[in-house]
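Reader: I would like to learn how to read aromatic contacts, a helix and a pocket from a set of coordinates. Please take them one at a time.

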Amino acid sequence: MPYLTDPVLLPGTLAGTAQPTLPTGDGLLLRPWRPEDAPAVHAAFQDPVMHQWHARAADSLDEVGGWIEEWRKAWTQEQTAQWAVVDADTDLLLGRVALREIHLDDGQAEMAYWTTPEARGRGVAARATTTLARWALDDVGFHRLELMHAVRNEASCRVATKTGFLLEGTKRSAVLHPDGWHDMHLHARVRGD
């Protein structure tokens, strides 16, 4: 049975080119992950704040090295796209920003981010999210980007609001964290917002 609409984005839209490096224009760079990032990612995941809002832990450098290899390969599969957020001058890792749950045919993806303890309070997540959203919506042609965070994660809510992701509602008991089920805020931006 044929579809009545054309795909928003065609297969190969991402994988047909190398993953880009995206400057924020204000001192940050979103770049593809490198194997040598493993120690900094491992250190970031030792932070108790990461344990509070993320369901994943990093037990070893080898484990994180495997994640980075997955992140690097994911670009060609067009289901997720992950960037390291680094200081443009020093290449110091400050966080991560990603497009997850990519559905090219619908032109949709979910934004995700985290920052290192040293980067918090400096606008790193907001600047990286703004840059990635602008690239995805304006340059690539995605139609809708969603962003979810635990309702109790006020810092993530501030990032979502500051970067133009409108609050659309609450997904009750939607994500299991180590301390139980969390209600999640659902924010979104659509092309033209």
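Reader: Are W33 and W71 buried or exposed?

Author: This is a predicted model. With burial taken as under 20% relative accessible area, W33 is buried and W71 is buried too.

Reader: How are the rings of W33 and W71 set against each other, and why is the pair called tilted?

Author: Two values decide it: the distance between ring centres and the angle between planes, where under 30 degrees counts as stacked and over 60 as edge-to-face. For W33 and W71 the centres are 4.8 Å apart and the planes meet at 50°, so the pair is tilted. The two residues come from distant parts of the chain, 38 residues apart: W33 is in the loop between β2 (28–31) and α1 (38–44), and W71 is in helix α3.

Reader: What kind of aromatic pair do F45 and W67 form?

Author: F45 and W67 are edge-to-face, with 75° between the planes and 5.0 Å from centre to centre. Since F45 sits in the loop between α1 and α2 while W67 belongs to helix α3, the pair ties together parts 22 residues apart in sequence. F45 and W67 are both buried.

Reader: How many aromatic pairs does the structure hold, and which residues form one aromatic cluster?

Author: There are eight aromatic pairs. One cluster is formed by W33, F45, W67, W71 and W114.

Reader: Where does the charged end of R189 sit?

Author: It sits over the ring of F165, at 5.8 Å from the ring centre.

Reader: Next, the helix. How many residues does α4 have, and what length does it reach?

Author: The check is to compare the span with the one expected at 1.5 Å a residue. α4 has 17 residues and reaches 23 Å from first C-alpha to last, close to the expected 24 Å. The helix is mostly covered, with 12 of its 17 residues buried; among them are V124, L132, W135 and V140. After α4 comes G141, which has a positive phi, near 105°.

Reader: How is a pocket found, and which residues lie nearest the centre of the largest pocket?

Author: Rolling a probe the size of a water molecule over the atoms shows where empty space is left. Here the largest pocket holds about 1300 Å³ of space. Its lining has 48 residues, and H54, R96, A112, Y113 and W114 lie nearest the centre. Elements giving two or more residues to this lining include α3 (61–77), β5 (108–115) and α4 (124–140).

Reader: How does the lining of the largest pocket divide into nonpolar, polar and charged residues?

Author: The lining has 24 nonpolar, 12 polar and 12 charged residues.

Conventions
Residues are numbered from 1 along each chain as its sequence is written. This is a predicted model: local features need pLDDT of at least 70, side-chain atom pairs count only at pLDDT 80 or more; totals for chains, interfaces and linings use all residues. Side-chain values use heavy atoms; hydrogens and water are left out. On a 1 Å grid over the protein atoms alone, a cavity is a set of points where a 1.4 Å probe fits but cannot get out, and a pocket is an open set with protein on both sides within 12 Å along at least five of seven lines; lining residues have an atom within 4 Å of a point. Grid points are joined across faces, edges and corners, and a volume is the space filled by probe spheres set on the points. Helices (H or I, at least four residues) and strands (E, at least two) are DSSP runs, numbered from the N terminus. Ala, Val, Leu, Ile, Met, Phe, Trp, Tyr, Cys and Pro count as nonpolar, Asp, Glu, Lys and Arg as charged, and the others, Gly among them, as polar. The expected span of a helix is 1.5 Å times one less than its number of residues. Buried means under 20% relative accessible area, exposed over 50%, partly exposed in between (1.4 Å probe, protein chains only). Rings of Phe, Tyr and Trp (its six-membered ring) pair if their centres lie within 6.5 Å; planes under 30 degrees apart count as stacked, over 60 as edge-to-face and the rest as tilted. A charge sits over a ring if NZ of Lys or CZ of Arg is within 6 Å of the ring centre and within 35 degrees of the ring normal.
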